[in-house]
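Please look through the sequence and the model shown here before reading on. The paragraphs below are meant to be read with the structure open beside them.

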Amino acid sequence: MRKSLCIVVLLLLPGLLSAQLTAPKKSAQLPIIDVHVHAMKASPGVPPLCPWFLRNMPGGDPNSPPPSFLSTGCAIPLQAAHSDKEMQDSIMATVKRLNMTMVVYGDAGIIRNWKKVAGDRIIPGIGVSSPKDMSVVAFTDSLSSGFYKVMGEVAPQYQGLSPSDMSLDGYFAAAEKLNIPVGIHMGTGGNGMANLTSPKYRASMGDPLLLEDLLARHPKLKVWVMHAGYPLVDNMIALMGANAYVYVDIAGLIWSYSQVEVNAYLKRLVQAGFGKRIMYGTDMLIWPKLIETSLSIIENADYLSEEQKRDILFNNAVRFFRLDPEKFK
Ligand SMILES: [Zn+2]
């Protein structure tokens, strides 16, 4: 038995060696754009995360302890970064290795640090979700500085506000005037967002059709719906059908809901004809491996052609953000 194994190995060895010597160089990693990344400070004690944990939403009771936002009951949970430096080093290494560009929102200091390391691979964004965040004048000044290229993440849903609420109109008007694309959170809220951290959160305010008045008031505003309006796919399709410039990203849902559900949602958007308007996004938070976790969904999607994958991972974002494809070569 042992001898015959040796013979097989000896017979195969020359072939393996020559295959190694003549193997073509691995082709360069094609560029990827992640349109939904949060730059946040690391905070101690953040638990590990099990991807696709929202496949199970256990029933609870208001008189019992609240449901946990995350779940850690899986074989290999993703570890949270323990410091800002660990977070930065990990993300920047992945950005380089996977030839990524990221649209980034959140802590201005962290965004500047990342930009110092990664330059044009970091596209800064600034969001307003309520008039209490900052005045229209301060927001317009920030956009006019030229540092911020994107308005996002705008998340009025957490305040129980419609994106078409007039209290936000001045901010959108500024973005329209300055030709700044806007990303608006619509949809996902996990299991019990209204019970846990955001009592004003309303599922109904995530209805993509609520964008219609805003879009009508600002015909030059370029809007993408973050989280693709999950789970209201019919209304998402109706809105995109009526408004030819609206795109979506698939951030957040891609690593939180069950993989069957994520794939069904993405497939539905593609089969409805919107493969050219879906952008890749992670909703990267404090767990750096969310990048690879999210990419695995696209890479393993047997219902997408290679061309459709490249559209989602890169081409659609280049078109939406009016980037120069030559700069990625
Ligand atoms: Zn969001």
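Predicted model: local features only at pLDDT ≥ 70, side-chain atom pairs only at ≥ 80, totals over all residues.

Residues are numbered from 1 along each chain as its sequence is written.

The protein chain contains twelve helices and eight strands, where helices (H or I, at least four residues) and strands (E, at least two) are DSSP runs numbered from the N terminus. With a radius of gyration of 22 Å, close to the 20 Å that the globule rule gives for 329 residues, the protein chain is as compact as a globular protein of that length; the radius is taken over C-alpha atoms, and the rule is 2.2 Å times the number of residues to the power 0.38. Taken along the principal axes, the box filled by the C-alpha atoms of the protein chain is roughly 80 × 55 × 40 Å.

In an unreviewed entry, UniProt lists residues 33-323 as "domain: Amidohydrolase-related"; UniProt positions are given in the numbering used here, feature names are shortened, and annotations may be inferred rather than shown by experiment. The span of residues 33-323 is 37% helix and 13% strand, and its end C-alpha atoms lie 11 Å apart.

Now turn to the helix contacts. The axes of helix 2 (84-97) and helix 3 (residues 108-118) come within 11 Å and cross at roughly 40 degrees, the axes being lines fitted to C-alpha atoms, for helices over the stretch in contact, and the angles running from 0 to 180 degrees between N-to-C directions. That angle makes helix 2 oblique to helix 3, since angles under 35 degrees count as roughly parallel, over 145 as roughly antiparallel, 65 to 115 as roughly perpendicular and the rest as oblique. Asp84, Gln88, Met92 and Val95 of helix 2 meet Ile110, Asn113, Trp114, Val117 and Ala118 of helix 3, with residues in contact if their C-beta atoms, placed from the backbone, lie within 7 Å. By class, this contact has six nonpolar, two polar and one charged residues, where Ala, Val, Leu, Ile, Met, Phe, Trp, Tyr, Cys and Pro count as nonpolar, Asp, Glu, Lys and Arg as charged, and the others, Gly among them, as polar.

Helix 4 (residues 136-144) and helix 5 (residues 169-177) have axes that come within 9 Å and cross at roughly 20 degrees, and these two helices are therefore roughly parallel to each other. Their crossing is right-handed, and in it Val136, Phe139, Thr140 and Leu143 of helix 4 meet Gly170, Tyr171, Ala174 and Ala175 of helix 5. The residues of this contact divide into six nonpolar, two polar and no charged.

Helix 8 (residues 233-242) packs with helix 10 (residues 259-274) at an angle of about 30 degrees, their axes being 11 Å apart, which makes helix 8 roughly parallel to helix 10. The crossing of helix 8 and helix 10 is right-handed.

A cis peptide bond joins glycine 152 and glutamate 153, with omega about -10 degrees, and glutamate 153 is found in strand 4 (residues 150-154). Another cis peptide bond joins tyrosine 230 and proline 231, with omega about 5 degrees; proline 231 is found in the loop between strand 6 (223-226) and helix 8.

Methods. Left-handed = near helix turned anticlockwise from the far one by under 90°. Contact = placed C-beta atoms within 7 Å.
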